[in-house]
Amino acid sequence: MRMASALLRSRKPQNEADVPFQEVLPLRLKNHVSGKTDKTSDVACLQEMAVLFSCLKTHDFNESLCAKEVGTFQRCYKVFLDKKMAKKETSSKGMLVAGKDLNYKQLNKVLKKYPTSAQN
């Protein structure tokens, strides 16, 4: 064991010139993406929910004493649902919205517009 640790301490980093690059797969994008990882876990109003639960815990789960917190949570959740529905409508219509939050269908539409050429 001592011998291995002594060898590891004395090893120097590899020189990049000594390691040649070998292309295993072509270095270009495909013309489509899969929709496997398009499922997102939306966590909405986490802060408001924590405040509501702490209020309920301190008042022995009596909702009438935490009306302000319940209202705040419900408003936050309604805003979240409205935003989610608007996003769903734009994605179902197929409209491309500028930004980084494109789903796989919209990405495939963009990639169809600008396909990569087959390099041989």
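Colleague: Which cysteine does a disulfide join to Cys45?

Modeller: This is a predicted model, in which local features need pLDDT of at least 70 and side-chain atom pairs count only at pLDDT 80 or more, while totals for chains, interfaces and linings use all residues. Residues are numbered from 1 along each chain as its sequence is written, and side-chain values use heavy atoms, with hydrogens and water left out. A disulfide here is a pair of cysteine sulfur atoms within 2.5 Å, and at an S to S distance of 2.0 Å the partner of Cys45 is Cys76.

Colleague: Why is the disulfide of Cys45 and Cys76 described by one hand, and which hand is that?

Modeller: The hand is taken from the torsion about the S-S bond, which is about -100° for Cys45 and Cys76, so this disulfide is left-handed. The pair links distant parts of the chain, 31 residues apart, with Cys45 in the loop between α1 (2-9) and α2 (46-58) and Cys76 in helix α3 (residues 67-93); helices are DSSP runs (H or I, at least four residues), numbered from the N terminus, and strands are runs of E of at least two. The answer, then, is left-handed.

Colleague: Is Cys76 buried or exposed, or does it count as partly exposed?

Modeller: Buried means under 20% relative accessible area, exposed means over 50%, and partly exposed lies in between, with a 1.4 Å probe and protein chains only. Cys45 is buried at 9%, whereas Cys76, at 21% relative accessibility, counts as partly exposed.

Colleague: Which cysteine is joined to Cys55 by a disulfide?

Modeller: Cys55 lies in helix α2, and its partner sits 11 residues away in the loop between α2 and α3. With -95° about the S-S bond this link is left-handed, and both ends are buried, Cys55 at 8% and Cys66 at 0%. The S to S distance is 2.1 Å, and the partner is Cys66.

Colleague: At what angle do α2 and α3 pack?

Modeller: Axes are lines fitted to C-alpha atoms, for helices over the stretch in contact, and angles run from 0 to 180 degrees between N-to-C directions. The axes of α2 and α3 are 9 Å apart, and the angle is about 155°.

Colleague: Which residues in α3 are met by those in α2?

Modeller: Contact means heavy atoms within 4.5 Å. From α2 the contact takes in Glu48, Met49, Val51, Leu52 and Cys55, and these meet, in α3, Glu69, Val70, Thr72, Phe73 and Cys76.
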